[in-house]
Amino acid sequence: MSLINELESLVGELEQNLARAVSLAELEELKTAFLGRKGRLAALMGKLKDLDAGARPAFGQKANEIKQLLTAFVEARLQDFKRKREKESLLTFDPTLPGRLPWQGSAHPVTLVMDEICGIFERLGYDTVSGPEVETDFHNFEALNFPPDHPARDMQDTLYVSDGIVLRTHTSPMQVRAMLARKKPPVAVIAPGKVYRRDSDLTHTPMFHQIEGLLVDKNISLADLRGTLTYMARSLFGQSVRVRFRPSFFPFTEPSAEVDISCIMCGGKGYIRSKSGREACRVCKTTGWLEILGSGMVDPNVFKAVGFDPECTGFAFGLGVERVAMLKYGIGDLRMFFDNDLKFLQQFA
Amino acid sequence: MLISLNWLREFVPYAGSAEELGVALTMLGLELEEIKRPFAGLEDLPVGEVVECGRHPDSDHLSVCRVDVGSEVLDIVCGAPNVAKGQYVVVAPVGSVLPGGLAIKKAKLRGQPSNGMICSERELGLSDEHGGIMVLQELLAPSAGFRPGQPALEALKLDAEVLDIGITPNRGDCLSILGLARETALAFDLPLSLPALDYDGADCSGRALDGLKLTVQSAGICPLYQLRCIENVRVARSPAPLRWRLRAVGQRAISNLVDVTNYIMLELGQPLHSFDLHKIRGGEVRVAPASDRETITTLDGQERILTGQDITIRDAERAIGLAGVMGGANSDIDDKSSAVMLEGAIFNPSCIRKTARRLNLPSEAAYRFERGVDQGMTGYALEKAALMIARLGHGRMSASALTSELAPWQSPVIPLRRRRAEALVGVPMRTEFCVSAFGKLGCKIRENAACAEESWSVTPPSYRRDLEREADLIEELARVYGFDNLPETVPQVSRPMDLAGQAEPKHKFFSRVKNWASGLGLNEVINYSFVGHRELDLLGLPQEGRISIMNPLADEMDVLRPALLPGLLNSLKHNLAQGNTGLRLFEVATHFLADPESETTVRETVFLGLLLHGERYSSSWPHQAEDINYLDLKGLIEQLMAKLHLAAPRFSSSGSAFPWLAPCVDIFLDTLCIGHLGRVKENIAGACHARRAVWTAELNLDTLYTLQQTARITFKALPVFPPVRRDITIMAPFGLQAETLLEVIRKNSPDTLENILMVDLFQPENKSEQNFTFRLTYRDATRTLLDAEADQYRDKAAAALTRELPVRI
């Protein structure tokens, strides 16, 4: 048999073998046996040097043709197998097996609300600032127009570290610090943080969180305060929320206002439709309103205390973060915030 | 402050509902807290007329009555001794429920049918009186005109609706019916009337005050002091309408003398005090500060030690009362008293507050004095009270009052600029509006013609002691305008140029760290900043530097956290009790430590606390069940540093004092210690019921904040030439740390060593050494490294290792 014939016979032989092969491994074996470095084709090619120089080009050409042919056969068969394997694997694939779950991390709801509110005000141009949690009487009370021995101090039961040093009872001392730091208007800050009161029952915890806002600039009015807080309330609770603005008293603002939002449980109606007709709304206790914050125009005495011109205008407000979180997420029990139960925390992923 | 709607209507003709009034007052800054109905249930009970009354045939103490209740005549068996024909009574028919919860059923009493009950005061919740049934003609004016079937609530003229109004500290003037009537008049534009004093039937010829000497030491402590006397008084129970009214607003009726002073205080806001005139010694009354260490026994029988700051009422010999706070036992009215000396006065608010707080004697009187009482109303209130006592106690009232008014009330004259009001409120302030508003508020307003700027002079009435400055007046204008009528505008916030490029706010940085942690599957907790000294002692934390709380709510909250761990352990304990065992908690909170240099005497440092416990993976299948260990926690910290673009941290066994951790590892960036991590000692973890390892770390976020501010992202060109990798396995005795091996390798490698990766750690059993396998990656930035070169580098490192350390390769 001539070498050419031998080359050609490889084709038929491989075809037969390929037809018999039942596994990918056998195919790979055949590929090596025929096309490998020490395979049959290579062995025949090795005989090239024994041929006459004149016969070599024809043989070489033939050998290349055969190599291409063999490779094509093997590749076609390989593709068949791969397709078949893929098809088979689809049959056993179970998309409903549980996933390889990473841990479900979460931010505390207090953090979520603080970041959201800070975000709203940052978009309006306010800077977020922080301040110490242990404060001097000056920053916590005196500069905020709480004279010593004034009944206004009764509004906030204070925890003392020593005489004249308190755990801040509100975030308002950060107003004082912000103005002292800036030295003159304009000042536009938002200041979140922990605050402390000597109070503990179903609806009070001795530590909770507030966010303070302060804007001091030219011609800032009560209408601006109202607009800004309405903007915030709608950003937090939705466009349809109504805001009620009513007079109140805080030593460091004059005029002072408390802000209510229409009850998000009953939509401000005071009652909820139920199977048995209508039921009193337990969130707003039928008033239709929920108090969410205290605010007002910065008192001239506060401006004096920080060395600002008392003719300045500005507003300030303070909001209870837990209160907002309770309303926003429908949390009924304040104490859950500090139990840190994983089943609670993971709901705020 | 509880206000009865009926009572209020004696001053203002308000015809609307309690609910409407509540909303209107709320919108004026007097917040409605609740509408109470103190006599709920009585609206359904009818007045009945006893038309027949006979002895029960089979009982000595029962009577058989027929009672006309309008719609029908009921047979009722009554056990009260005082029942009689012709009486008007309150009947509880079958089916009604009394305020105490008693449901009335059809009954037979010794054979006689009874279709209801005739009620006593106690059964109706009107008083504790239970001596017999309540006979309306005896308790109320016979002229009242009762008719059968009339609802009891109406017949008894009870105060059916009571509003509970929250009064802010500035509005002392609203701690009275009169004050809230003024606000009601303002809200609904109604006239306010102060009823003229009724001298009818009062004997005003008394002369008991003649010869009594009154001195007040200074106007500063007591600008006005006034006395009236009522002689030949009989102490007795107050008439029913007075008792019921006091009950409606939550006061217990005591006797005609006490009840009248309470009544007047609630109505007019003027606290009054009654002394027994016969107990006053030396014909003299003085108002003066106590002497230091002086004692007085107050009405409640307690001996009080006084200071020079307490204002006392004194006779010629001794203190007989603590002004505005509590009377003295030595001058108290008792059953035998027959002459009352009634005091109406104004005391310095700050003095009263100091005394009441120091002695822990809060009282309705002190509460009002602290918030400012209307000096213009004292005389009227005192006279009205004296008249009432004289009438109710059948006494003789002194013809005139004995008065010392060292400082008559002077209202301030407050300038008000229109432009300022408009700027502050944000709406135009028309003259007519301002004039009318101040008129309704009882202020006098006068235009300042001389001023260049349009302005007014406003004089507030004596009861508005809170109106002192222009800002206070502007608030009044806004209140009358209606806060809820203001436009809503969002102001432009101006940004001065110096704010450009300022550092990221700390809060933002902390938020980024929190986002990193929650993204990695950690759960944020927030614990109280205070813990107990005892917890800190158990952890072995030093006493030194702790910040104690002077007035803690409880022992377990008496010190501020000097470390986050106590709080994190509380969260661990709570979660384990709830059956949550796989815990990956983090907290961003403050360490508090004493620092004499600090303005607040405290140094506050924000830390990131991490705590891991239990399973490594969140679900069992397809993961292997494994517990977390040191490497999990360390990996988190290394990742955080990379995230913050900081250098790789160095970890070394700690010399620091964290006695609750073993092992305890310090974390360094360069030479700066930025925190520590370790395993909570088993006895401490065990106290939290943790049976598996608890790993914890605390990182100083304030330091990281500062460090990362200067960290920059600097792009490095991507490598062009391929790397060459060589593995090296080192058999090292236990105790030789990985970092030691790495240092030797690094020291003995060329710059082309790109990184070293540990690929295996094999710890054969029963051997004293372990096998580290590292993968060394070499890469030259300028050319392709040859295999031979890489072999040479590896061999050099290997040789150095065996030379310098007791290891085998």
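The dialogue below takes up confidence, domains, chain contacts, helices and a sheet in turn.

Trainee: What should I keep in mind about the model itself and its numbering?

Mentor: This is a predicted model, in which local features need pLDDT of at least 70 and side-chain atom pairs count only at pLDDT 80 or more, whereas totals for chains, interfaces and linings use all residues. Residues are numbered from 1 along each chain as its sequence is written, while chains are lettered from A and ligands numbered from 1 in the order in which they are written.

Trainee: Where in chain B is confidence lowest, and where is it highest?

Mentor: The score to read is pLDDT, the predictor's confidence in each residue, from 0 to 100. Chain B averages 92, with 100% of its residues at 70 or above; the lowest mean, 83, belongs to strand 11 (residues 203-206) of chain B, and the highest, 98, to strand 27 (residues 523-524) of chain B. For the complex, the predictor gives an ipTM of 0.89 and a pTM of 0.88.

Trainee: How many residues of each chain are in contact with the other chain?

Mentor: Two residues are in contact if their C-beta atoms, placed from the backbone, lie within 7 Å. By that rule, 80 residues of chain B are in contact with 79 residues of chain A. Helices (H or I, at least four residues) and strands (E, at least two) are DSSP runs, numbered from the N terminus, and helix 14 (residues 506-519) of chain B gives the most to the chain B side, with eight residues. That side divides into 34 nonpolar, 28 polar and 18 charged residues, where Ala, Val, Leu, Ile, Met, Phe, Trp, Tyr, Cys and Pro count as nonpolar, Asp, Glu, Lys and Arg as charged, and the others, Gly among them, as polar.

Trainee: Which domains does chain A have?

Mentor: Domain bounds come from an automatic or database domain assignment. For chain A this gives domain 1 (3-92) and domain 2 (109-348), whose C-alpha centres are 81 Å apart. In chain B, the centres of domain 1 and domain 3 lie 27 Å apart, and their contact takes 13 residues from domain 1 of chain B and 14 residues from domain 3 of chain B.

Trainee: Why can helix 7 of chain B be called largely enclosed?

Mentor: A residue is buried if 20 or more other C-beta atoms lie within 10 Å of its own, exposed if 12 or fewer, and partly exposed in between, with C-beta atoms placed from the backbone. In helix 7 of chain B, 12 of the 13 residues are buried, so the rest of the structure largely encloses this helix. Its buried residues, among them B:Asn256, B:Tyr263 and B:Leu268, pack against elements of chain B including helix 5 (177-188), strand 14 (272-276) and helix 10 (378-392). Just after helix 7 of chain B, B:Gly269 takes a positive phi of about 80°.
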